[in-house]
Amino acid sequence: MRIHVVSIFPEMFRAIADYGVTGRAISQRLVSLKLWDPRDFATDRHRSVDDRPYGGGPGMVMMAPPLAAAIEAARKEESGRVRVVYMSPQGDRLDHLAVQRFAGMESVILLAGRYEGVDERLLARHVDEECSIGDYVLSGGELAVMVWIDAVTRQLPGTLGNAESADQDSFAGGLLDCGHYTRPDVYAGIPVPEVLRSGDHGAIRRWRLKQALGRTWRKHPELLEKIELNDEQLELLAEYQREHELEKGR
Ligand code: 9D3
């Protein structure tokens, strides 16, 4: 996947380019990441990328021409389909389904805004879709773009380096994760669940699945309505619920 990012703070993207799963995906050329700074496409001697809003009001608005020039420069490097995505509080929510859809794209141009927003005419002419990462206010689009890239990169074949985690993520078959434990055996008086030290891999798998089902039911029951549970899962959840009822009674 080829990813172009248009941002006035290109240095911020070291956070994903230099570290972890995303950094490795780039090193291994499974993903390419190219930054385009609208300032490099400004035409005045101050290299302006923002100006005061028509109609008045607080803050500044990102000007269309430097952004359009940056987007066009990125687009020129692509021969096929390119999707232009503007990260914005007004966008469609980035959920797992959207992440998977984006992961199927060959190339994408991600636009990170700053200030109060972007001139509406830039959106009309150059942007295919708007994408939000949640209902809270960020100071700009860069962190949202990085969240997008991190989530989408994890879905690309060969990126995890650890097929097992990818598989467990298909635990992102819509369930919350089970709890995790490591040494010491007893911490703060709390022992590690016995089954995890039993070496019985069948029992461990069932225990983890049961915990994942139970936690999902307790913390985010709405997630269970989105998926179809098989017979084993229904039985494990019922078991968990019976035990949970017992705990409440005590
Ligand atoms: C306080 C300013 N707001 C006035 C109603 C508008 C506003 C402008 C710019 C709010 C946030 C931003 C910057 N946010 C993003 O660029 C952004 C974002 C977000 O804030 N939340 C969730 N997803 C995203 S994607 C891009």
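Below, we take some labels one at a time and check each against its cut-off.

Reply: Before we start, keep in mind that this is a predicted model.

Me: Okay. Why is R47 called partly exposed?

Reply: Buried means under 20% relative accessible area and exposed means over 50%, with partly exposed in between. R47 has a relative accessibility of 38%, so R47 counts as partly exposed. You'll find R47 in the loop between β2 (32–36) and β3 (50–51).

Me: What is said about the phi of R47?

Reply: Phi of R47 is near 55 degrees, which is a positive value in a residue other than glycine.

Me: And what makes Y115 partly exposed?

Reply: Y115 comes out at 35%, so the label is partly exposed. Y115 isn't a glycine either, yet has a positive phi of about 60 degrees. Look for Y115 in the loop between β6 (107–112) and α5 (120–126).

Me: How do you know that the peptide bond from R183 to P184 is cis?

Reply: Check omega: for that bond, omega is near 0 degrees, and the bond is cis. P184 sits in the loop between α7 (163–169) and β8 (186–187).

Me: On to the ligand. Which residues come nearest?

Reply: There are 15 residues around the ligand, and I133, G134, Y136, L138 and G141 come nearest.

Me: How much of the ligand does the protein bury?

Reply: Taken alone, the ligand exposes 580 Å², and the protein buries 71% of that. Elements that give two or more residues to the shell are β5 (83–93) and β7 (129–132). β5 gives the most, with three residues.

Me: What kinds of residues make up the shell?

Reply: The shell divides into nine nonpolar, five polar and one charged.

Me: Last one: how is the protein divided into domains?

Reply: Domain 1 covers 2–153 and domain 2 covers 170–249. Taken over C-alpha atoms, the centres of domain 1 and domain 2 are separated by 39 Å.

Notes
Residues are numbered from 1 along each chain as its sequence is written. This is a predicted model: local features need pLDDT of at least 70, side-chain atom pairs count only at pLDDT 80 or more; totals for chains, interfaces and linings use all residues. Side-chain values use heavy atoms; hydrogens and water are left out. A residue is near a molecule or strand if one of its heavy atoms lies within 4 Å of it. Accessible areas come from the Shrake-Rupley method with a 1.4 Å probe; for residues, only the protein chains shown count as cover. Helices (H or I, at least four residues) and strands (E, at least two) are DSSP runs, numbered from the N terminus. Ala, Val, Leu, Ile, Met, Phe, Trp, Tyr, Cys and Pro count as nonpolar, Asp, Glu, Lys and Arg as charged, and the others, Gly among them, as polar. Domain bounds come from an automatic or database domain assignment. Buried means under 20% relative accessible area, exposed over 50%, partly exposed in between (1.4 Å probe, protein chains only).
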